[in-house]
Amino acid sequence: MIGVGSCIGGISRYLIQQFVQKHFPSSFPFGTLSVNIIGCFIIGLIYALSAKGNIISPEVRLFMATGICGGFTTFSAFAYENVRLLQDGELFYMGIYILLSVVLGLASVYLGILFIKLM
């Protein structure tokens with residue numbers, strides 16, 4: 001079910017990203033930004049419904065959060081994990097997670113590009 005959800009999320013990501021970029025042409029990545037914000041909102045809804053009790057089952061939560069949202073954007077999981085750290089009072093870990101994710105993520109993209117250029 002996670003794979004099916006991921007497929008739905010991935011296709012949705014592509015379609016929404018293309019739709020937004022077509023209607024708001026710019027060098028700024030409005031399509032990706034839109035997908036990330038929508039994904040964050042949806043994962044918030046999913047986890048809030050899960051926390052309310054038996055509104056959605058753990059299996060449906062996995063399908064929707066891990067599958068659909070994971071295929072749609074992993075930024076939603078990143079945002080949710082940071083909100084959880086904030087809610088748990090783990091400000092230090094939240095800061096470290098944000099810093100490492102951004103800095104190491106950017107560095108890894110750069111190193112991947114550099115690696116291919118040097119081949």
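Helix 2 supplies six residues, the largest share of the lining of the largest pocket. The model is predicted: local features need pLDDT of at least 70, side-chain atom pairs count only at pLDDT 80 or more, and totals for chains, interfaces and linings use all residues. Residues are numbered from 1 along each chain as its sequence is written, and side-chain values use heavy atoms, with hydrogens and water left out.

The volume of the largest pocket is about 180 Å³. A pocket here is an open set of points on a 1 Å grid over the protein atoms alone, where a 1.4 Å probe fits, with protein on both sides within 12 Å along at least five of seven lines; lining residues have an atom within 4 Å of a point. Grid points are joined across faces, edges and corners, and the volume is the space filled by probe spheres set on the points. Two or more lining residues come from each of helix 2 (30-51) and helix 4 (75-87); helices are DSSP runs of H or I, at least four residues, numbered from the N terminus. Among the lining residues are Cys40, Tyr47, Tyr80 and Arg84. By class, the lining has eight nonpolar, two polar and one charged residues (Ala, Val, Leu, Ile, Met, Phe, Trp, Tyr, Cys and Pro count as nonpolar, Asp, Glu, Lys and Arg as charged, and the others, Gly among them, as polar).

Arginine 84 also takes part in a salt bridge with aspartate 88, the closest N and O atoms being 3.9 Å apart.

Threonine 73 sits in the loop between helix 3 (58-72) and helix 4. With a relative accessible area of 4%, threonine 73 is buried. Leaving out residues up to four places away in sequence, threonine 73 touches Arg13, Val35, Asn36 and Gly39 (contact means heavy atoms within 4.5 Å). A polar atom of the threonine 73 side chain lies 3.0 Å from the backbone nitrogen of phenylalanine 75.

Histidine 23 belongs to helix 1 (residues 2-23) and is partly exposed at 43% relative accessibility. A polar atom of the histidine 23 side chain lies 2.8 Å from the backbone oxygen of phenylalanine 19.

Terms used: Buried < 20%, exposed > 50% of the residue type's maximum accessible area, 1.4 Å probe, protein only. Polar contact = N/O pair within 3.5 Å; in protein donor to acceptor, adjacent residues only side chain to side chain. Salt bridge = Lys/Arg side-chain N within 4 Å of Asp/Glu carboxyl O.
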